[in-house]
Amino acid sequence: MADILVTENIAGVAMTRLRETHDVAFEPDLWSSPNLAARLADARAVVVRNQTQITRELIEQASRLEIIARAGAGLDNVDTEAAAAAGIVVSYAPAENSLSVAELVLGLLLSLARRIPAAWSDTRTGGWDRRTFTGVELSGRTLGIVGFGRIGRLVAERARAFGMRLLAHDEFLPAEVFEDAGAESVSLEKLLAESDAVSVHVPLLDSTRGLFGERQFAAMKPTAWFVNAARGEVVDEAALIAALQTGEIAAAALDVRETEPPVRGPLDDMANVILTPHIGAFSEEAQERVVDLVCRDVTAVLSGHAATSAFGIARPAR
Ligand code: MLT
């Protein structure tokens, strides 16, 4: 019976240290196994990424559990209310991978603009067709950012350096946040109507599930690109596929999917779609920061101290 259960592939210096100094069961495939509940029932700490669903039912059976450590920012896979009711700390890393996600978004925007993946794929098979891969510049184009939290603002800062005009939509932020970032605060309708590229940066909540559907894609320009490195469930994927097939929008770059890993489907074969396997947070630097933070919290809680990054407890801005 190990004290600490790791249910996904979580690596890094801090994890190696944790495994050397503590009783850790490292079971990277456990998230998809029927044995998860039984294994969790024995643990004092569980370390997860975003695939392990820590439900109320699991929490209620986990009588020894003291801390759920989420190695990442989103808490949509953890029932935080049930954890709070059971007196279990939820530690997470809300800021540690933001920069990496923002950099990936810029990479996706540049890939859409210059068709880098298609050009690479063609060149690799002997092609040298420069004219076919004529792209466009980001400079002078309008980027619409939906959700203007930490990642949205980091994307804005970088897109501004590329000369993009910035529109942003976020109902929860005061005007000065947009002004400071050089973005115009607009309604979702205006953002969709005027943007050359729309990038999503909202968390997955009941209120954001399916935020992008038929109506939203119809409201976008036929030349627009859609970028999602937030959560797949924020988008009605069938509506997105239809919008791409009918030319309602021009292209999409998706780092996240409605179901992960996704089953093969129409998006895989579309020339105007770029797909990556939820790698926004997967830079060496971000992973070290994230894993270091949650491993420190696991060690702290198991030795009777407070977590530094517990959900629901304010911590200094970074
Ligand atoms: C996050 O929520 O931090 C990211 O989606 C990364 C992840 O879950 O692996």
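Arg 115 sits in the loop between helix 5 (98-114) and helix 6 (116-124). Helices here are DSSP runs of H or I with at least four residues, strands are runs of E with at least two, and both are numbered from the N terminus. Although Arg 115 is not a glycine, its phi is positive, about 55°. Most residues other than glycine have a negative phi, and most peptide bonds are trans.

Before going on, a note on the source: this is a predicted model, in which local features need pLDDT of at least 70, side-chain atom pairs count only at pLDDT 80 or more, and totals for chains, interfaces and linings use all residues. Residues are numbered from 1 along each chain as its sequence is written, and side-chain values use heavy atoms, with hydrogens and water left out.

There is also a cis peptide bond, from Glu 260 to Pro 261, with omega near -10°. Pro 261 belongs to the loop between strand 11 (251-254) and strand 12.

Seven strands form an open sheet in the order 8-7-6-9-10-11-12, with parallel pairing; two strands pair if DSSP finds at least two bridges between them. Strand 8 (184-185) and strand 12 (273-275) are the edges, each pairing on one side only. Within the sheet, strand 6 (residues 142-146) runs parallel to strand 9 (residues 197-200) over four bridges. Ile 145 has Ser 199 in strand 9 as its bridge partner.

The structure has one cavity of 30 Å³ or more. A cavity is a set of points, on a 1 Å grid over the protein atoms alone, where a 1.4 Å probe fits but cannot get out, and lining residues have an atom within 4 Å of a point. Points are joined across faces, edges and corners, and the volume is the space filled by probe spheres set on them. The largest cavity holds about 30 Å³. Its lining includes Phe 226, Asn 228, Glu 237 and Leu 240. Strand 10 (225-228) and helix 11 (237-246) are the elements that give two or more residues to that lining.

Last, the ligand. Which residues are around the ligand? Among them are Arg 49, Asn 50, Gly 72, His 278 and Phe 282, where near means a heavy atom within 4 Å. For Arg 231, a side-chain N or O atom is 2.7 Å from an oxygen atom of the ligand.

Note on methods: A polar contact is a pair of N or O atoms within 3.5 Å; within protein, one must be able to donate a hydrogen and the other to accept it, and residues adjacent in sequence count only if both atoms are side-chain atoms. On a 1 Å grid over the protein atoms alone, a cavity is a set of points where a 1.4 Å probe fits but cannot get out, and a pocket is an open set with protein on both sides within 12 Å along at least five of seven lines; lining residues have an atom within 4 Å of a point.
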